[in-house]
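Please keep the sequence and the model at hand while reading.

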Amino acid sequence: MSPEITKHNGKLQATPLRSMPPPSSFTPVTPHLAISPTVSVVVPAMNEAENLPHVFATIPQWVDEIVLVDGNSVDDTVAVAKRLRPNVKVVAQTGKGKGDALAAGFAACTCDIIVMIDADGSTDGHEIINFVGALVTGADFVKGSRYASGGGSDDLTFNRRLGNKVLTGIVNVMYRTQYTDLCYGYNAFWARHLEVLDLDCDGFEVETLMNVRAAKAGLKVHEVPSHERNRIHGESNLHVVRDGFRVLRTILKEWRRQPSPPQPEPTTATAADRGVA
C-alpha cells in the first residue's frame, strides 16, 4: 500500500499506512461489501415475546453478537430469544427504564461497533448495514432519521411529530447541530466512544442524551434515513407529554455539562484501512 504524503514545515513527508487486515478477518456483508470490525446489536426488551421472532428475523446473520437486555419480563421474552438465537447474550436489567437498559447492554458488548434497535418491531434490522456502512467510512456516531430523504414513519402521531420538531429545533440552535430527528431509538457508534456518551439517564430521553453528547464531544455524526414501523404487538410505554418534558430537561441540563473528549481512532487510516472492502 502506498504511503500517505503530507507536508510538514514545507517538506514532504511520507507516513506509512497501516496494512490491510488479512482476508480471513473480513465478514461478507453484501456481494459488494465486506468489513473487518465486529458488530454488536443491543435489544432492550420487556414483555416482547410476541415481537422478537419478527425482530430477530430482520437482524443480519453477519452480526457478531446480539445482546438482549431483559427488563424483568413476565412473559417468555428470554426463552423466545434463546430459541431464536441460541448464542444470544442475555443481560438481566437491575434498574428500570430504557436508558438504564441500554447502559447495561452497552456495558456487556464485546464488539467494535454497537447498534441499538427496539424490540417492538418498529425498527428494521435490515437497515443495520446502512449504519455500519457509515461508520466504517468515517463516521463516529450514526443516527437514524425518519425525516431524511428515504426515511419515514407509520407511527408518528401529530403530537409526537410536533414535539420532536420543536425539541430538534432547540438542540440545533443550542448545540449548532443540523439534526433532522432527535427522538428516535435507532443509532450506532464505535464502542470506543462509550466513555463520551456516558449514559446516566433512565428513560426515553436517552436518545436525546446520546445525540447531544456526541455533538458536544465533536464526534463525526452522520444521519441515515430510516423507516419506523408500527409496534407489532402490545402497547408502547412512551408518554408524549411526560417524556417530552424529560427530554427538554435533559437538553437544558447538558448545556451546563462539560463534554468528555472523544477517543481517537487506534491508528490514522483510510477508509479501506478501517476495515471496509
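Leaving aside residues up to four places away in sequence, Ser 40 touches Glu 65, Cys 109, Thr 110, Cys 111, Ile 113, Ile 114 and Val 115, where contact means heavy atoms within 4.5 Å. The model is predicted: local features need pLDDT of at least 70, side-chain atom pairs count only at pLDDT 80 or more, and totals for chains, interfaces and linings use all residues. Residues are numbered from 1 along each chain as its sequence is written, and side-chain values use heavy atoms, with hydrogens and water left out.

**Ser 40**

- Ser 40 belongs to strand S5 (residues 39-45); helices (H or I, at least four residues) and strands (E, at least two) are DSSP runs, numbered from the N terminus.
- The relative accessible area of Ser 40 is 0%, so Ser 40 is buried. Buried means under 20% relative accessible area, exposed over 50%, and partly exposed in between (1.4 Å probe, protein chains only).
- A polar contact of 2.5 Å joins the side chain of Ser 40 to the side chain of Glu 65. Such a contact is a pair of N or O atoms within 3.5 Å; within protein, one must be able to donate a hydrogen and the other to accept it, and residues adjacent in sequence count only if both atoms are side-chain atoms.

**Salt bridges**

- The whole structure holds 12 salt bridges, each being a side-chain nitrogen of Lys or Arg within 4 Å of a carboxyl oxygen of Asp or Glu.
- Asp 118 pairs with Lys 98 in a salt bridge, with the closest N and O atoms 2.9 Å apart. This pair links distant parts of the chain, 20 residues apart: Asp 118 is in the loop between strand S8 (113-116) and helix H4 (128-136), and Lys 98 is in helix H3 (residues 98-108).
- Asp 118 counts as buried because its relative accessibility is 14%, and Lys 98 is buried with a relative accessible area of 14%.
- Glu 207 also forms a salt bridge with Lys 98, at 2.6 Å between the closest N and O atoms. Here the partners are 109 residues apart, with Glu 207 in helix H7 (residues 206-216) and Lys 98 in helix H3.
- Arg 192 forms a salt bridge with Asp 140, the closest N and O atoms being 3.9 Å apart.
- Arg 192 is partly exposed at 24% relative accessible area, whereas Asp 140 is buried at 12%.

**Helices H3 and H7**

- H7 is largely enclosed by the rest of the structure because nine of its 11 residues are buried; among them are Val 206, Leu 209 and Met 210.
- Between H3 and H7, Lys 98, Gly 99, Leu 102 and Phe 106 in H3 meet Val 206, Glu 207 and Met 210 in H7.
- Just after H7, Gly 218 takes a positive phi of about 80°.

**Cysteines**

- Zero disulfides are found in the whole structure, a disulfide being a pair of cysteine sulfur atoms within 2.5 Å.
- Cys 183 is partly exposed at 24% relative accessibility, while Cys 201 is buried at 11%.
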